[in-house]
Amino acid sequence: MDIMKIAFFLIPKAETAYVLETDTIRQALEKMEYYQYTALSVLDTEGKYKYSLTSNDFVNYMKNHPGTTFYDTEDVPLSELEPTVDIKPIDINDDIENLIQTFTVQDYTPVIEGTGIYIGEVSATDIIDFILDKINWEG
């Protein structure tokens with residue numbers, strides 16, 4: 001396989017949706033709805049990747065807090081949610097094989113640089129298209 005960089009697949013931070021750990025559940029839900037995302041990266045105030053939340057995390061919260069409405073969540077910090085899946089970020093300097101391996105266990109991959117700063121994400125669609133192109137080109 002040719003040497004390719006993860007940067008080739010990177011969707012820059014400015015073009016992604018993410019939330020800060022100081023945001024509320026409602027802010028995160030509104031962002032997920034607007035961007036039609038099923039997962040969001042949570043960053044600290046310095047821009048470092050902390051963890052990711054999935055739509056299932058929000059469903060679990062509502063299930064475990066009967067009577068809570070969407071509007072009630074505007075006063076509930078994200079720290080009240082417990083992530084159900086441990087989504088690991090990938091470093092921008094990792095190799096493509098590691099990126100592809102990561103997609104075998106998670107379909108959402110945040111990208112960080114060496115100090116943990118979130119710089120964007122990689123789309124599963126882009127990886128699948130890349131693999132299909134390689135198969136068609138080589139096969």
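## Aromatic rings and their surroundings

Tyrosine 18 has a relative accessible area of 24%, so it counts as partly exposed (between buried, under 20%, and exposed, over 50%; 1.4 Å probe, protein chains only). The model is predicted, with local features requiring pLDDT of at least 70 and side-chain atom pairs pLDDT 80 or more, while totals for chains, interfaces and linings use all residues. Residues are numbered from 1 along each chain as its sequence is written, and side-chain values use heavy atoms, without hydrogens or water.

**Exercise 1.** Determine how many aromatic pairs the whole structure holds, and classify the pair of phenylalanine 8 and phenylalanine 9.

*Solution.* Searching the whole structure gives five aromatic pairs (Phe, Tyr or six-membered Trp rings with centres within 6.5 Å; planes under 30 degrees apart are stacked, over 60 edge-to-face, the rest tilted). In one of them, phenylalanine 8 and phenylalanine 9 have centres 5.0 Å apart and planes at 90 degrees, which means that the pair is edge-to-face. Phenylalanine 8 is exposed because its relative accessibility is 59%, whereas phenylalanine 9, at 4%, is buried.

**Exercise 2.** Classify the pair of tyrosine 18 and tyrosine 118, and locate both residues in the chain.

*Solution.* The ring centres of tyrosine 18 and tyrosine 118 are 5.7 Å apart, and with 55 degrees between the planes the pair is tilted. Tyrosine 18 belongs to strand 2 (residues 18–20) and tyrosine 118 to strand 7 (residues 118–123), so that the pair links distant parts of the chain, 100 residues apart; strands are DSSP runs of E, at least two residues, numbered from the N terminus. Tyrosine 118 has 1% relative accessibility and therefore counts as buried.

**Exercise 3.** Which residues form one aromatic cluster?

*Solution.* The cluster consists of Tyr34, Tyr35 and Tyr37.

How values were computed. Helices (H or I, at least four residues) and strands (E, at least two) are DSSP runs, numbered from the N terminus.
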